[in-house]
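Please read these notes with the model open beside you.

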Amino acid sequence: MLITNIGELTTNVGPSTGSGTQTHEDGTLHDAAVLIEDGLISWVGPSASSGAQGGSGAQSTPAADEIVDAGGRAVIPGFVDSHSHIVFGGDRAAEFEARMAGQKYAAGGIRSTVAATRRASDGELRARVRGFLDEMLAQGTTTVEIKSGYGLDVETEQRLVRLAAEVTDEVTYLGAHVVPAEYANRSDAYVDLVIGEMLDACALHAKWIDVFCETGAFSVAQSRRVLQAGIGRGLKPRVHASQLGPGEGVQLAIELGAASVDHGTYLTDDDVAALAASDTVLTLLPGVEFSTRQPYPDARRLIDAGVTVAIACDTNPGSSFTSSMPFCIALAVRDMGMTPGEAIWAATAGGAAALQRSDIGVIAPGARADLVLLDAPTRVHLAYRPGVPLVQRVWKDGASVWRKG
Ligand code: NIG
Ligand code: FE
């Protein structure tokens, strides 16, 4: 299949033509075409009016069985949403409403979702996950990471990683999300469970290990135990840190070689310098600041310091119940100081970096054919027209999986 007549193609490979001080390559091509074969991108080059017949010369558009005319619109890589918690029961609309009337967000709210999740059947949870994935696809997300963390007992945590593994390769075991009520004042005993019997039950279904390193959740010492136990079982670390206040979670993540440290709402100068000198991605979650009325972290400061920044939705019933990467991009541009080009890089190639994947987040020969056709002439419209459904068509592994109208 050939997608031709692409007005603006963001490949994330090659020199940047973006605005601002973007440090990453976005490899923008104009009047471009993309050839897809067997679920992979096989060729990227200039569009030619000759289409299926091909043209002459080395640069000419190759022939294809099927031609899709993009009509001069923009095409970007599918969004890589590297942080979600979409396996849960119930919701917390009342908590959100109370927060918008002045109440503060606290980690303890997680426990009410634990009760609803434990009560839900596999069938109910599975239907819920499918619903969120459909929402995400319609908004251009072609890869999603999914965490456990609303079970917090051996049986339910295993159910959650198993259900997540049915729909994604990027499964994260987050038994250390918060200390459940039955372990109140016995948090070390709960950590023993998380790194013992619960890890045994979950490790097979997961690729990643995560911990909420924060006041009200787990201390640095406890977080270190959790991450090291996971690493010992072949899981790769990622960390929730500095969401509610400054702490040592970012430094711990870097020390243990985490792929990503997520939130980073309250970063110190030392955190920023250490991130810049490391391979750890800082994943910003603008939906959280939006939904908890917390201050937005300064992405400009991070990017200018040389930190690799990703953006994810953090879809969850407590701190961020959006599944929209375009909405998060608009927030990151408006309130975190990113240029549209930087935010779109962070939501595609940045998410891929946060998952240590080189086969997604780019439009280049050999990469998976995960692409989004926007109903807009440029990607800038994603931030310029917030809240407007601009995703026209989505391909995943070369298959057309969603189209508008
Ligand atoms: O990423 N920070 C911890 N976990 C989630 C929030 C979970 C909840 O409030 O239910 C987050 O924001
Ligand atoms: Fe989270």
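This is a predicted model: local features need pLDDT of at least 70, side-chain atom pairs count only at pLDDT 80 or more; totals for chains, interfaces and linings use all residues.

1. Residues are numbered from 1 along each chain as its sequence is written, chains are lettered from A and ligands numbered from 1 in the order in which they are written, and side-chain values use heavy atoms, with hydrogens and water left out.

2. Start with strand β5 (residues 74–77), which runs parallel to strand β1 (residues 2–10) and is joined to β1 by two bridges. Helices (H or I, at least four residues) and strands (E, at least two) are DSSP runs numbered from the N terminus, and two strands pair if DSSP finds at least two bridges between them. Within this pair, V75 of β5 has L9 opposite. β5 also runs antiparallel to strand β16 (residues 371–374), with three bridges between them. There, P77 has L371 as its bridge partner.

3. Strands β2 (residues 28–37) and β3 (residues 40–46) are antiparallel and are joined by six bridges. L35 is placed opposite W43 of β3. The two strands form a hairpin with two residues between them, and D38 in the turn has a positive phi of about 50°. In a regular strand, side chains alternate between the two faces of the sheet.

4. How do α3 and α4 pack? Their axes come within 11 Å and cross at roughly 40°. Axes are lines fitted to C-alpha atoms, for helices over the stretch in contact, and angles run from 0 to 180 degrees between N-to-C directions. The two helices are therefore oblique to each other; under 35 degrees counts as roughly parallel, over 145 as roughly antiparallel, 65 to 115 as roughly perpendicular and the rest as oblique. On the α3 side, D122, L125 and R126 meet R159, L160, R162 and L163 of α4. Contact here means heavy atoms within 4.5 Å. By class, three of the contact residues are nonpolar, none polar and four charged. The nonpolar class is Ala, Val, Leu, Ile, Met, Phe, Trp, Tyr, Cys and Pro, the charged class is Asp, Glu, Lys and Arg, and the others, Gly among them, are polar.

5. Helices α12 (residues 325–335) and α13 (residues 340–347) pack at about 140°, with axes 9 Å apart. That angle makes α12 oblique to α13. M325, I329, A332 and V333 of α12 make the contact with P340, A343, I344 and A347 of α13. This contact has eight nonpolar residues, no polar and no charged ones.

6. Which residues of helix α2 (residues 110–119) are buried? They are I110, T113, V114, A116 and T117. Buried means under 20% relative accessible area, exposed over 50%, and partly exposed in between, with a 1.4 Å probe and protein chains only. The cover over these residues includes α3 (122–138), α4 (154–165) and β10 (208–213).

7. S223 lies in helix α7 (residues 220–232). At 0% relative accessibility, S223 counts as buried. Not counting residues up to four places away in sequence, S223 touches V211, C213, F218 and L252.

8. A276 is in helix α9 (residues 269–276). With 28% relative accessibility, A276 counts as partly exposed. Leaving aside neighbours within four places in sequence, A276 contacts A305, G306 and V307. The C-alpha atoms of A276 and I303 are separated by 8.7 Å, though these residues are 27 residues apart along the chain.
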